[in-house]
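Please work through each task before reading its solution.

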Amino acid sequence: INLVENFRTKLTCNSGVKIVCYGDSITWGYNSLLLQSKNNYPDKLSEMLNGYFSTDKISVINKGKNSKTSNWGLEYIYENVLDIRPDLAVVMFGINDVVHGTKPSRYKQNLAEMINLMQKKDIVPIMLSPTPVLGLFREKVEKYAGMAVHLFKSENILVIDMHSEIKRKLEMFADPYIYLPDQLHFKNNYDDISKIVFDKIISGA
């Protein structure tokens, strides 16, 4: 998928490009005390893309919501993604599915149905596996991430194994709690996600 060419065509026609980032508190950019990080990845992605294309016509809409599972993601995909009619949707669910006990089969079914609905509306999906966590849910989140990546690859769509990408960065810290101080949310590193998503959009591979 040549997203760069598609974006340039739209920008040349002065129609603009619309991207929705859909997910849980990692997408929203939870920092602490229910505050949103100024470093949230959709905002940073917007800066990076508009800078790359030398424009201000790329809109990146943050549709992350704290504590939400893929069940919620599927139920509310119309108002948060489909009705907005974006060119591209970046979707990441999974951590709260583990925390709230969504069965693996239901999790995969929810993701597959979201992909199907977006494609029917000619929205290009970029599907992300959930970022890693520390503590009690670490191994199970990793398991769900693996299931998600396997599903996404079978769908022949753009995939980012965000779990593995962020895990590599996390392992660079002697104390991983510097990176994920509450075991789950980033402190100052949400832009690591935006850089990875940006690279995927630009490479289209």
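**Exercise 1.** Determine how far apart the closest N and O atoms are in the salt bridge of Glu139 with Arg138, and classify the exposure of both residues.

*Solution.* Glu139 and Arg138 form a salt bridge whose closest N and O atoms are 4.0 Å apart; the term requires a side-chain nitrogen of Lys or Arg within 4 Å of a carboxyl oxygen of Asp or Glu. Next, accessibility is classed as buried under 20% relative accessible area, exposed over 50% and partly exposed in between (1.4 Å probe, protein chains only). Glu139, at 59%, is exposed, whereas Arg138, at 41%, is partly exposed.

The model is predicted: local features need pLDDT of at least 70, side-chain atom pairs count only at pLDDT 80 or more, and totals for chains, interfaces and linings use all residues. Residues are numbered from 1 along each chain as its sequence is written, and side-chain values use heavy atoms, with hydrogens and water left out.

**Exercise 2.** Locate the salt bridge between Lys10 and Asp87 in the secondary structure.

*Solution.* The Lys10 and Asp87 side chains meet at 3.1 Å, N to O. Lys10 belongs to helix α1 (residues 3-12) and Asp87 to the loop between α5 (77-80) and β3 (88-92), so the pair ties together parts 77 residues apart in sequence. Helices (H or I, at least four residues) and strands (E, at least two) are DSSP runs, numbered from the N terminus. Lys10 is partly exposed, at 32%.

**Exercise 3.** State how Asp191 and Lys195 are separated in helix α10.

*Solution.* These two residues form a salt bridge, with 4.0 Å between the closest N and O atoms. Asp191 and Lys195 are four residues apart in helix α10 (residues 190-203), and therefore separated by about one helical turn. Asp191 is buried at 19%; Lys195 is partly exposed at 42%.
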